[in-house]
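User: Hi! Could you walk me through this structure?
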Amino acid sequence: MPKNAFYAQSGGVTAVINATACGLLETAQQYPDKIGKVYAGRNGIIGALTEDLIDTSQESAEAIAALRYTPSGAFGSCRFKLKGLEQNKAEYERLIEVFKAHDIGYFFYNGGGDSQDTSYKVSQLGDTLGYPIMCIGIPKTVDNDLPITDTCPGFGSVAKYVAVSIREASFDVLSMAKTSTKVFIMEVMGRHAGWIAAAGGLAAEKESDGPHIIIFPEVIFDPEKFLAKVDFCVKKYGYCSIIVSEGAKNQDGKFISEAGTRDAFGHVQLGGVAPVIANIVKDKFGYKYHWAVADYLQRAARHIASKTDVEQAYAVGKAAVEFAVAGKTAVMPVIVRKSSQPYQWEIGSANLADVANVEKKMPREFISEDGFGITPACREYLQPLIAGEDYPPYKNGLPDYVELKNVAVPKKLATMFEVKK
């Protein structure tokens, strides 16, 4: 008899995570002899723990198809990391209780590094607590920091947004620099890995183009060296355009913008690094400046998504189902680059044990010798990932995105479960 499946979205959402959901849901319908219904967790793994499930079979085929071009998490996401079995056995026993009650034999978890740690822990339920379940992690993160996969679905679209935005802003600043703003700073995401910041470098196709300076988490920030570069750019080009990663660190190895608080995963909460950098420039030169924080705009910008990214996001959702029905478990579909010119890729697989809690940073050979730009090798890696346009349909001048009904599955358990943050 076919088993039901559980699918959930986790961590910070992206412009294309719903394209992955679309790929998974449409593919699952092709295996009625293996997969019954697909239940989505409302707000990620929390939906499983609290038995708050969504019956995706209540959505029309048109609504599911529309997920391919709709941003953010259609079923709700969360920042919640399962503790180890020895630390909180009750969470795992609760998962089994819910899975048994709803005849769930497949577990699909769509997220980044911490989420893949959750996937790996759930995959061990059969060995540790005697409940066999096919568990597939599905990659997603704008930070592009998952190992083994060539790129992470979600990154290509953020990279495109950042490259386009810094190019347009640089044109703006250049046009006003004679009598107005001479320095513009754009802050982007990237706690430990500077992939998003590096993507902005694609906009600089010749020496005078912005961004003139990129500040990476991988390169310790040297104020004197930085200010000398700003001075050079303003004098030579009339202005200076800068991209700074939120994870930029000082010579003590501390985040420049550390706010002193922590998020739900236990990571240091970062404040705004852009105004800090802006004030360093102002205090030295007195230049008029502007700064901007891309924040949620960069990861929600489906209107300018990379076609490559959309196709890869759909493909990993499709592959997750194909892996599961083929009997694979404790694995994650990955993107394998076959060539860069012309760009060709295929789907491969990685063991969750090799993915969970491993962070892929920018290699030094991708960063220019002075530490403020990208190399030709980095450009060759990044360029295909932002290629192509995949515009959503528009209505009344705005993107026409779908909102699902998200009909709740009737609860079967008498007991409630409180999620401890």
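Analyst: Happy to! Helix H4, residues 89-101, has 13 residues and reaches 19 Å from its first C-alpha to its last, close to the 18 Å expected at 1.5 Å a residue. Helices here are DSSP runs of H or I with at least four residues, strands are E runs of at least two, and both are numbered from the N terminus. The expected span is 1.5 Å times one less than the number of residues.

User: Is this an experimental structure or a predicted one, and how is it numbered?
Analyst: This is a predicted model, where local features need pLDDT of at least 70, side-chain atom pairs count only at pLDDT 80 or more, and totals for chains, interfaces and linings use all residues. Residues are numbered from 1 along each chain as its sequence is written, and side-chain values use heavy atoms, leaving out hydrogens and water.

User: What happens just after H4?
Analyst: Asp 103 takes a positive phi of about 50 degrees there.

User: New topic: where does Arg 299 lie, and what does it touch?
Analyst: Arg 299 lies in helix H11, residues 295-300. Not counting residues up to four places away in sequence, Arg 299 touches several residues, including Gly 12, Arg 79 and Met 189.

Note on methods:
Contact = heavy atoms within 4.5 Å.
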